[in-house]
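Student: I have a new structure to look at. Can you walk me through it?
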Amino acid sequence: MNKKPELVAPGGNFEKVKIAYRYGADAVYVGGLAFGLRKSAQNLSPAQLQKAVDLANEEGRKLYVVLNGYTHQDELAELPAYLDVLEKCQVHALIISDLGTLSLAQKYTTRPLHTSTQASVSNWKAAEQWKKCGAKRVVVARECSITECKDIQEKAGIEVETFIHGAMCVSYSGKCTISNYSSGRDSNRGGCIQSCRHPFSFSENGQEELVHLMNAKDLMGVSLIPEIKAAGLHSLKIEGRMKSNLYLANTVAVYRDALDQDILQTQSISTYEKQLSNISNRGFSSGSLEKRADSKNSISANWNGYSKGCLFIGTIKHQDSEGYYYADIKSPFNANEQIELLHPQNKIESLDSPEFLSISNTPVEKIAQNSVIKFKSTKVISPYTLLQKPL
Amino acid sequence: MIKTPRIAVHVTHIDEIDPYLNAGATHLIIDNSYFSNRSMAPSHPPREVKGLLDHVKSIAPTITTSVTCDVILHHHMIPEIIDLFEHLKESPPTAIRYQDLGLLPLIHEHLPECTPTFISETGNSNNESLDVLEHLGAKSIQLNNEIPYSQLKNITQNPKINWQLQVHGHILIQHSHRKLLSSVSGKKDRHFTRSEDQDFKGRYYHFFESHHGCFMFGHFDRCLISEAKKLRRLALSDWIIDGRGLGIEHNVTVINAYQSILGEEEPSKEKLENTFSILQDQSRTPLKIGFFNTNKTDVDWRDQKTTQLSKYTIKGACIDIQKNSHIVVEVEEDFDANDTLIILTPENKELSFHKLKLSSLNNKSLKTTQNETLVKIAWIKGVTAGSKLVKKSN
């Protein structure tokens, strides 16, 4: 029987960590206060890291911390103290892209070390070198096919993790400094402004052509799960620490469901793909998982905006003793609009037109962004169920 | 005493050898698209790489030679690379230049007498990572273009490594494995083209594509002539001139320029300005020093919000603000109505207060809270959605 890969999900903040576990992630990767690549995410404080580790342990899951920004000379002195915090929290692994950071992590912690995709490991000989330096796992370059991933895992004798879903760098990760030169922000230290997605003009035979030359489509690999399971890859990673609760819940739920199927039917794949396509995206491709990605299959060159089939409305937080559900609303909607529930078991159902009340018990017709509303429902709704509006 | 650095330049054809040597190049880097990541030369098989290397050696037997093999390695390339190394075995170059760590064991195994030279282009360098590279076997390292002078000075004090630095030429700012230019009509492999970023008007970038993928270069080229005095104070073994694809005449002018400042202890300001003008006149792009003097991208490194948060214990998040009425707080960690708490707004304002008017959502007065519940506090001016309720850490 094929081994089921570990499903690794993004945890942009503590709430998202809880959502990821609730919807089926085996492990969550988060950023701490420094040395990560998502400066604008609501990264976790040491106390939150400890709580997230405790939660993971209670539920038999894992919590990984990214230290995948490029550590410059000036920051090296601060790294041991931070590594000490991570050691005390007993996080389950550190994800690292810089050889120097890896070396210090080996010196100051006992935590397992994963090589980040930022290191662009694309072959088993490089994986062996990272293993020699102390890495237990390598998150391979997104330019690797499933076959290459399998070879790396088998020949280097190292756990291989590959991305399965989410936004893609057009470049080999870590081989890009566009933001550094175009805006003075460091691509590899959490400051990427994604200027690769800008339109560029090319003149050809006197004619000017505008092309989003490097606007990579998002990765979607759900249809390749049978091949991935057959290849025995250790872990699959979902990108998106900055994305919404709905993106996270929906993506984790779909991949959890798909990974748990013994046999993935064509019909199911099509349903999964449709559900994944409902969330804001740049168009999808399978990246390089099947064959080398190129401009035809993996670039949204004629970009005219994100595609989506539904909108993230809010998150159920709580049910009180009177049976009212409380929801934290992130997008405005009208009370008469059709709203759906995405449950942690990957079940989507319509909400039965309830009366929405403010917490002062006033009926609300136009529900505002950043408000808390309450309602009763005949449905059984658990905390962290997501509200979405079909478009 | 700092040794005089070699002037290194890429060579792709027999016709380039004499002009470059005559201009003052002292290190020739054999470059071939087959094995060199962003070579603009034709793709020749191993025997032709060997042929070019042998030719260089026959003309200048004592000159430093190296062969670029800086591809990002995919498994299918390994047999071709071993074949190249086997061809070079009989009369090897001084060094093999690589960037993929996977190539290092192949260099050690097949060309043990060659100096492995690590190219950290677009990568990262700190003393720890450089130590690891040295430990793994790198004897020579080309430092990346984003390191400022103060750090270069510190790094190059380690005498065990030969330090190289690109002093002139295109700055690689992105390498994609995808061949992207084919989405632009009529573009084919090996095409070199210029394009304007429509969101940063006036900035023209050069793109080059080969079977290794698509490469993007900065909107200016690197030129360190004006910084010659500082450059000379760095203990560098090689000044790299990256003039690939720019032609013999261009490269001869650049080699001459750098060789002339190497020959003078204290080149005058006027000479440096004149030399810069000559180089700028023949360049298709503006010439700048880039990050050589300072790299301010470091200023943006720390996340101010989360750094500020580290001084506190997060008690909750303000998720609904009703002006003049109340704030709904999602409790993350228990707190008491009597606690002295602070609200940190998304705009980094700190609002301090104590003795909260705390109640449940159905208006029952509370003295304390429970994790993962929603509670109300009285409205406070200046608090916006997303603000955090925090307590000073002990």
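**A residue and its contacts**

Tutor: Apart from neighbours within four places in sequence, A:Gln129 is in contact with B:Leu101, B:Leu104, B:Pro105 and B:Leu136. Keep in mind that this is a predicted model.

Student: Where in chain A is A:Gln129?

Tutor: A:Gln129 lies in helix H5 of chain A, which covers residues 124–132.

Student: And is A:Gln129 buried or exposed?

Tutor: A:Gln129 counts as buried because its relative accessibility is 5%, and buried means under 20%.

Student: Let's switch to chain B. How many helices and strands are in chain B?

Tutor: Chain B has ten helices and 21 strands.

Student: What radius of gyration does chain B have?

Tutor: Chain B has 29 Å, whereas a compact globule of 394 residues would have a radius of gyration near 21 Å. Along the principal axes, the C-alpha atoms of chain B fill a box of roughly 95 × 55 × 50 Å.

Student: What share of chain B do buried residues make up?

Tutor: Of the 394 residues in chain B, 58% are buried. As for the surface, chain B exposes about 15900 Å², and carbon and sulfur atoms supply 49% of that area.

Student: What about contacts along the sequence?

Tutor: Take the contacts in chain B with a separation of 6 or more: 64% of them are between residues 24 or more positions apart.

Definitions and conventions: Residues numbered from 1 in each chain as written. Chains lettered and ligands numbered in written order. Predicted model: local features only at pLDDT ≥ 70, side-chain atom pairs only at ≥ 80, totals over all residues. Heavy atoms only, no water. Helix = DSSP H or I, 4+ residues; strand = E, 2+ residues; numbered from the N terminus. Rg over C-alpha atoms; globule rule 2.2 N^0.38 Å. Buried < 20%, exposed > 50% of the residue type's maximum accessible area, 1.4 Å probe, protein only. Contact = heavy atoms within 4.5 Å. Areas by Shrake-Rupley, 256 points an atom, 1.4 Å probe, with all protein chains shown as cover.
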